[in-house]
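Hi,

Here is the model I said I would pass on. Could you have a look at it when you get a moment?

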There are 4 protein chains.
Amino acid sequence: MKEKIKVSVYGATGFTGRELLKILYGHPSMQINRIYSRTHEGRNISDIFPSLKGMLDMKLTAPSTEEIDDNSDAVFLALPHETSMKYVPVLAKKKILAVDMSADYRFSDYREYEEVYGIPHSDRENLKKAVYGIPEINPEEIEKADLIANPGCYATAVILSLYPLIKEGVLKGPAFADAKSGISGAGKKLHDEFLFAKRYENITPYKVNSHRHMKEITSFLKHAAGVKWDNLVFCPHLIPVERGILANIYAPLSEELDCDELHNLYAKYYAKKLFINIYPEGKFPQTSDTVGTNNCGIGTAVSKEHNAAVIIASIDNLIKGASGQAVQNMNIAMGFGESEGMR
Amino acid sequence: MKEKIKVSVYGATGFTGRELLKILYGHPSMQINRIYSRTHEGRNISDIFPSLKGMLDMKLTAPSTEEIDDNSDAVFLALPHETSMKYVPVLAKKKILAVDMSADYRFSDYREYEEVYGIPHSDRENLKKAVYGIPEINPEEIEKADLIANPGCYATAVILSLYPLIKEGVLKGPAFADAKSGISGAGKKLHDEFLFAKRYENITPYKVNSHRHMKEITSFLKHAAGVKWDNLVFCPHLIPVERGILANIYAPLSEELDCDELHNLYAKYYAKKLFINIYPEGKFPQTSDTVGTNNCGIGTAVSKEHNAAVIIASIDNLIKGASGQAVQNMNIAMGFGESEGMR
Amino acid sequence: MKEKIKVSVYGATGFTGRELLKILYGHPSMQINRIYSRTHEGRNISDIFPSLKGMLDMKLTAPSTEEIDDNSDAVFLALPHETSMKYVPVLAKKKILAVDMSADYRFSDYREYEEVYGIPHSDRENLKKAVYGIPEINPEEIEKADLIANPGCYATAVILSLYPLIKEGVLKGPAFADAKSGISGAGKKLHDEFLFAKRYENITPYKVNSHRHMKEITSFLKHAAGVKWDNLVFCPHLIPVERGILANIYAPLSEELDCDELHNLYAKYYAKKLFINIYPEGKFPQTSDTVGTNNCGIGTAVSKEHNAAVIIASIDNLIKGASGQAVQNMNIAMGFGESEGMR
Amino acid sequence: MKEKIKVSVYGATGFTGRELLKILYGHPSMQINRIYSRTHEGRNISDIFPSLKGMLDMKLTAPSTEEIDDNSDAVFLALPHETSMKYVPVLAKKKILAVDMSADYRFSDYREYEEVYGIPHSDRENLKKAVYGIPEINPEEIEKADLIANPGCYATAVILSLYPLIKEGVLKGPAFADAKSGISGAGKKLHDEFLFAKRYENITPYKVNSHRHMKEITSFLKHAAGVKWDNLVFCPHLIPVERGILANIYAPLSEELDCDELHNLYAKYYAKKLFINIYPEGKFPQTSDTVGTNNCGIGTAVSKEHNAAVIIASIDNLIKGASGQAVQNMNIAMGFGESEGMR
């Protein structure tokens, strides 16, 4: 039986932490070494998440930048932004591979980060080295990375939907992304807006054209497609479901494409990608198709008369939009099979 | 005390029927004369809708084209399409004012109807006379009408959002409408797709760019704005809430407008419209703002850098999107106050 | 046209406040004079509840025990417990009739209050005079009251279900009440437990046999039925719906009753009660039957072989369980028709 | 690597089929051999359940009593009642171990079955041999079984809650079971009552004291505890969640027990039971604690003054209430570890 690598999880008690632990628990090549939580130090993780009872009954340790656990081969940071950049420098010094699920290392330029997040970036050095990892688009970069910035949930869905159009250069004018998300995207934040009374029986647009993921999307797409493009209008919504993101791209086209051609374009770009399902023409994914999985379903349509494309993508915001993709990135960086632990 | 007019309701046992009865029950100038249902003939309406118990305990009569109740001053048809056009000719002959909530009289050209609905139209004569009534746009036509085609729910939200842009001629290229609807829009249809198991915890796009309301929208907008325009891409979604529609319009602009100018445009168009609330800049409606009311909330935004507009409208699909607007139309046609019975 | 009395509402911005305003807005004999809120002083109520827009656009005033509005004929207190008892003495001095929706005046004995609520009662004088009002049970007391303690939501459902059994003295041993409530019962409390993430897709028992309403129920039943009885085990649950309470009573019987006899007992007790619907044998209410109404549906069953009764009651927790019953109590105390404003 | 046994699944396209496949897919000692469905013959299971895409892409075969697959070591029947008893005789003849998830083999006496299900039982022979398997109660019987009747979901929760009380003989008079179930319990039945419109925002009691599981519960408890007892009143409810059952037992006691003693009783009975979690005093399970697991959480309380017990149990209706327990039963019968495949 092969030796498993040891991994630790910082911020284990959030929703992405929980999903991560569930995946790692069954991972054939990784084994959970330590789980950290400042708030719940000393408690058992199965007290926080009773559904882990009998499966994962492990104590939570308080994290500390001074005593980084030398014993782990790799680390997942499921921390809020501004916190991750306290741990990454220490991990980098010890040469421990990290997948960071916060926003701290998602921009290559610290000025972009500071503009979007409104706080100074204290670790410009590692920022430059970090690789923003969308496994279906830049796996070669991920393979060589020592530090991986795991993309945001909206960003993942929108990037996967837009990439072939951007790369092919067939867009004309702005592309519009209308995204609908389940409430787990907000994590466990204690805020009025996330009360049952406010979310149930309600459909709510928010941060219209001002959501932070917008910059992350255009920044990566420019880098990955090697083009100058940031012509995106983005509007997210809260939908009263627990999990799932549905992202619709609406885009005028510069070239005449018919349904077949657009469909084939996506089929070609994502051929052999284990977690991407391109739907047949006329069929579109719904969130229930992907909830509980690391899959991304994509459907395509063309309005011939208006020369416009509609792309619809569905993911589980906590898995492909967070913890599943983090493991996928780690698998690639570690040289494991891309889908290990997720099938 | 003033005399009330007598109104009858055909198709009283659907969801729009129920909302209609609730409004009419408290209407100061109308009184419910007869309620019809083929399926539930002889039963009491409060057996079908227990929440009406003690309020409206009225027997349901089977409708018949042969014995149209002469006793009613006006009639609401909450019937499926293809059925309405059997009753309208008889009502027209008796000069009874009708508000038809089906799709049967929503197109002025029978060929358009036949193309969209795939069945022959058997009443071309009244079709020509029917007025498609959006009270905030063509009240003068409604005032004089003998037959009013009440708009579809998606159509209401999209038309109200798009009208100022179309009328001002500031659109460039296709406008995209992404609409999200509660499940009551499907009525009581017994279909797999409307089972709790399929709808709960799910976000589902459907009829992408092929929904019937698309034609109804462009057809009316061309007529009302007096322009040649049908550059619309429309994508509806089912959302697991009972009620509410949120419709987002995404549109490249031909002229440079800033946020202020767009906001003022909408404020001007809908000034003095009792049921339209234009939100302040930076604010957008959510469905809970309008559920249970005949209101339509509208928020506007401009992306200056991409010269594109985002308009978001919220209505209650069963009220402003159906029964409330039907009463509003009837109020206007009858010379009552526009908001009677709805405040 | 008859003169309406003027009423004020303290605590207008909670969920029960909102329901109260909706009812009062359409009340034929009451007119809203002032609405109070400490938190939202100076704001418009329709900013807090956008669905009131165009209907009730009224400013909120900060309440003060020093400047009680002399101008109101009656007052509704939709305040938390401990706050009501600050206002009641001032209102009493000015001889303004009050319906208090908090728990402050629900016990006739201050020691019972202090034991259950764990705080001293500062207004023993008015406590003695207050009438706990269940309009279907003690209307004569309500008629003469100057201060009415409006019952809790669970208490209303359980009392109405149990009263005939208690009054007839047919119970043997403990009665068990299993109640299921929608989340609006928690109001707008900002607490972890009321986050969407915690309530959605979850069924949660709480305060098993230790809920405060338990004492309120037995205290009133003893008083109203004139018996010595407090043999109640009570277990409430949170259910992911917005509104509605379903309360099931399970009780061994001391006498042999068959289904008919039990049904007839309830039919007799609640004959002519406008808001009580006794279901036919074999039929039981569900919450959707009563949501949006001031009705209470009651179904009864007997297990002959085990000599036990099952009673199931359904109410809207915000209406019959709070604001509707408050108006019903006020109607009775003011000499108006019992159902005014609610039909 | 050890050889896995081959198992087939009949009725693979229902919700319990889906859960079963998910468990079997990751089972270390079983491998899915064939999956059967009459309705979806020839289709791929991942077309029916898109969330299985990339994991289980297997063709569905039409089942036939004539051509039972000889190749399987064991079989799961996720079929409706009346259908299972067509396949069991053939499987029995071929000596293939079967776990039947229908109700067909849950009674040892065919007359009891015929009374409860209202149809003749065509396989009395195997009925006599079948073992009703609650792994925490009668594992020795399960070990030796050739045919296992897998308990119903309500029955599982109620039996586990009641067993210690029955076995100890401390009940006095009727026990009342109030159960609340998610909608997946109804499977994919196309019936009005299971439409989103009927279930959402609704709490519905049904089959009050007449549900079929009632007999199954008392029948097994008598057998397992070796007592004469069938003093149960049972009332199930539909709750608008997808998954989960919460079952509350309310019971007058014949002996004075305090909280400690009752808690210890349950702790003793279920000590070392891998899937049972007895909650500390004052704590009770909610459905989210067990959803997605094969666990059963149990909380206990005593009302000293009324000498009554309250027991609350929570399970996932599709796992511990169906497919998980089926695998647990199969594991025991096959000599595998009880929890294999479920951790």
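First, the ground rules. This is a predicted model, so I kept to its own cut-offs: local features need pLDDT of at least 70, side-chain atom pairs count only at pLDDT 80 or more, and totals for chains, interfaces and linings use all residues. Residues are numbered from 1 along each chain as its sequence is written, chains are lettered from A and ligands numbered from 1 in the order in which they are written, and side-chain values use heavy atoms, with hydrogens and water left out.

On to chains D and A. In this pair, 15 residues of chain D are in contact with 15 residues of chain A (contact being heavy atoms within 4.5 Å). Together they bury about 1300 Å², with 51% of it on carbon and sulfur atoms; buried area here is the accessible area (1.4 Å probe) that two parts lose on being put together, summed over both. On the chain D side, the residues that lose the most area to chain A are Lys53(D), Tyr200(D) and Arg343(D), together 38% of what that side buries. By class, the chain D side touching chain A has 5 nonpolar, 6 polar and 4 charged residues (Ala, Val, Leu, Ile, Met, Phe, Trp, Tyr, Cys and Pro count as nonpolar, Asp, Glu, Lys and Arg as charged, and the others, Gly among them, as polar).

How many salt bridges cross the interface of chain D and chain A? The rule finds 0, taking a side-chain nitrogen of Lys or Arg within 4 Å of a carboxyl oxygen of Asp or Glu. It does find 8 residue pairs in polar contact there, both residues at pLDDT 80 or more (a pair of N or O atoms within 3.5 Å; within protein, one must be able to donate a hydrogen and the other to accept it, and residues adjacent in sequence count only if both atoms are side-chain atoms).

Now the symmetry. Chain B superposes on chain A by a rotation of 180° with 0.0 Å of shift along the axis, at RMSD 0.0 Å (least squares on the C-alpha atoms of residues with pLDDT of at least 70 in both). That is the relation of a two-fold axis. The interface residues of chain B are 100% shared with those in chain A, so these copies meet through the same surface. For chain D on chain A, the rotation is also 180°, with 0.0 Å of shift and RMSD 0.0 Å. Here too the same surface serves both copies, as 100% of the contact residues of chain D recur in chain A.

In chain C, 7 strands form an open parallel sheet in the order 3-2-1-4-5-7-6. (Strands are DSSP runs of E, at least two residues, and helices are runs of H or I, at least four, numbered from the N terminus; two strands pair if DSSP finds at least two bridges between them.) Strand 3 (60–61) and strand 6 (131–132) of chain C are at the edges with a single partner strand each, so one side of each has no neighbour in the sheet.

Finally, the loops. Asn209(A) is not a glycine but has a positive phi of about 60°; it is in the loop between strand 9 (204–205) and helix 9 (213–225) of chain A. Lys272(B), also not a glycine, has a positive phi of about 70°.

Cheers
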